[in-house]
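Reader: Could you walk me through a few features of a model, one at a time? I would like the general idea and then the case at hand.

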Amino acid sequence: MANPDDDESINDLSQDLLAGTGYSQIQLDSQMLVDNILEFVTHVNGDDTVPPTYTQESQNANETTDLPIDPTGKYPSTEEYHHPGVPFLVVLPNTEGSGFVYSENLQKLFLKLDSVCAFEAKHNVPGGRNFYLRAMLVSVVPESQHEPVLRCRNHQATDEGKEFENIKEHVVRCKNEQHEYVGRGTGAFFEDRYAVRVPLGADTVGTKLTLQFTCQNTCFNTGLRKTALVFTLEDEVGHVWGRQIKHIKICTNYRRDMLNEEKAKLVGNVPAVLGSKTSQHAGRPRKRRMHDFTAGPSGSRRPARTQNLMIERHEIRLVMPSVRMAKRVLDNAIGMISAAVLRVEDEHTKAELMHYVDTIRKERQNLTISNSQCSADSELL
């Protein structure tokens, strides 16, 4: 039986707690509290009650499944990311085109300066918010990922006009009708880097992104010459829902560079065979290979002619500090092409090379030196 003194003390305590609160006072019975607690304990300890189990995996899933990545204040990442339930994939509709070629073996895109290449992004984004597709050129070398990839001064000088005033340093240009250039030259973190963003239409499952590349990898600093395009699927507040990486190299002779890298990878994957000629002579100094000389018309010796020479037209624009230095550059170009004419045997190739020489000579003749009193061999500008 409950003690009356206990009931009175509980009622007094409840009156003190509820005094001045505006709530009605409730008469508490200690025996009723004891009976309710015993009933709850009996229910929990019963065989029919199965308590919920919490594991580390379920906890991580509850924390991260519905949350995208927030890259704010971080360097751009070169690791692919796939958000659960939000498909995102970037592919090349064509693996070869005018000025570019894609190596399936290397999973790398090779293209030349100012070439245009189309990418196709396949996505299925959640509704209720605006989404964007961002393309950014970054270095894949870990120790250089904090450095932004900027266009060199020489290629910046080729952009003339107010339409290029704010994008001179952008290496990646966009040909889509709707796009925006974001970032700044000194930006180190993801949200501050130079990039191009394209809005995604509502209820669309695919977006075509046409990009142009206006600088070469050899123009960048040594630590920035291994580059990749980072495509990110992000919402209007900057959260990333997907990330795709495409390794890329912008160069003059894109086919040659692709073949050279494929050969280098093949040689690196071939293990050394014991007992082979290469392993038997390992460590010995290699003999210098003698050039194949043939006698010239006057008895002199000259290098043998090259059988094949690949000609790929490439136009450049240079701004020189003086006319005299410009003439010297053209003289060097004439000498290099003339040397190539002597090495080839194909008459058609010779004629094409001589056409380049004649064009450069005419360009040189059009240059005039304003100060005729200066010596032609002067070291001054």
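**Reading the features**

Author: Happy to. Let's start with a side-chain pair: Thr207 and His123 are joined through their side chains by a polar contact of 2.8 Å. Keep in mind that this is a predicted model.

Reader: Where is Thr207 found, and is Thr207 buried or exposed?

Author: Thr207 belongs to strand 11, residues 206-213. Its relative accessible area is 11%, and because buried means under 20%, Thr207 counts as buried. Beyond its neighbours within four places in sequence, Thr207 is in contact with Phe119, Glu120, Ala121, His123 and Leu200.

Reader: Next, backbone angles. Which residues should I look at for a positive phi?

Author: The general idea is that most residues other than glycine have a negative phi. Here, Gln107 has a phi near 55°, and Asp114 has one of about 65°.

Reader: Where are Gln107 and Asp114 found?

Author: Both are in loops. Gln107 lies in the loop between strand 4 (100-103) and strand 5 (108-111), while Asp114 lies in the loop between strand 5 and strand 6 (116-123). Gln107 is partly exposed, with a relative accessible area of 42%; Asp114 is also partly exposed, at 42%.

Reader: How should I read a helix such as helix 5? Which residues of helix 5 are buried?

Author: In general, an α-helix has 3.6 residues a turn, so residues three or four places apart point the same way. In helix 5, the buried residues are Tyr254, Asp257 and Met258. Seen down the axis of helix 5, these buried residues fall within an arc of 100°, so they line one face of the helix. The face turned away from that buried side carries the exposed residues Lys263, Leu266 and Val267.

Reader: What covers the buried residues of helix 5?

Author: The cover includes strand 3 (96-97), strand 4, strand 5 and strand 13 (240-250).

Reader: Finally, how many cavities of 30 Å³ or more does the structure hold, and which residues line the largest cavity?

Author: There are three cavities of that size. The largest cavity holds about 60 Å³ of space. Its lining residues are Ala135, Met136, Leu137, Val149, His170, Val171, Val172, Tyr194 and Ala195. Strand 7 (residues 131-139) gives the largest share of that lining, three residues.

Conventions:
Residues are numbered from 1 along each chain as its sequence is written. This is a predicted model: local features need pLDDT of at least 70, side-chain atom pairs count only at pLDDT 80 or more; totals for chains, interfaces and linings use all residues. Side-chain values use heavy atoms; hydrogens and water are left out. Helices (H or I, at least four residues) and strands (E, at least two) are DSSP runs, numbered from the N terminus. Buried means under 20% relative accessible area, exposed over 50%, partly exposed in between (1.4 Å probe, protein chains only). A polar contact is a pair of N or O atoms within 3.5 Å; within protein, one must be able to donate a hydrogen and the other to accept it, and residues adjacent in sequence count only if both atoms are side-chain atoms. Contact means heavy atoms within 4.5 Å. The arc is that of the directions from the helix axis to the C-beta atoms. On a 1 Å grid over the protein atoms alone, a cavity is a set of points where a 1.4 Å probe fits but cannot get out, and a pocket is an open set with protein on both sides within 12 Å along at least five of seven lines; lining residues have an atom within 4 Å of a point. Grid points are joined across faces, edges and corners, and a volume is the space filled by probe spheres set on the points.
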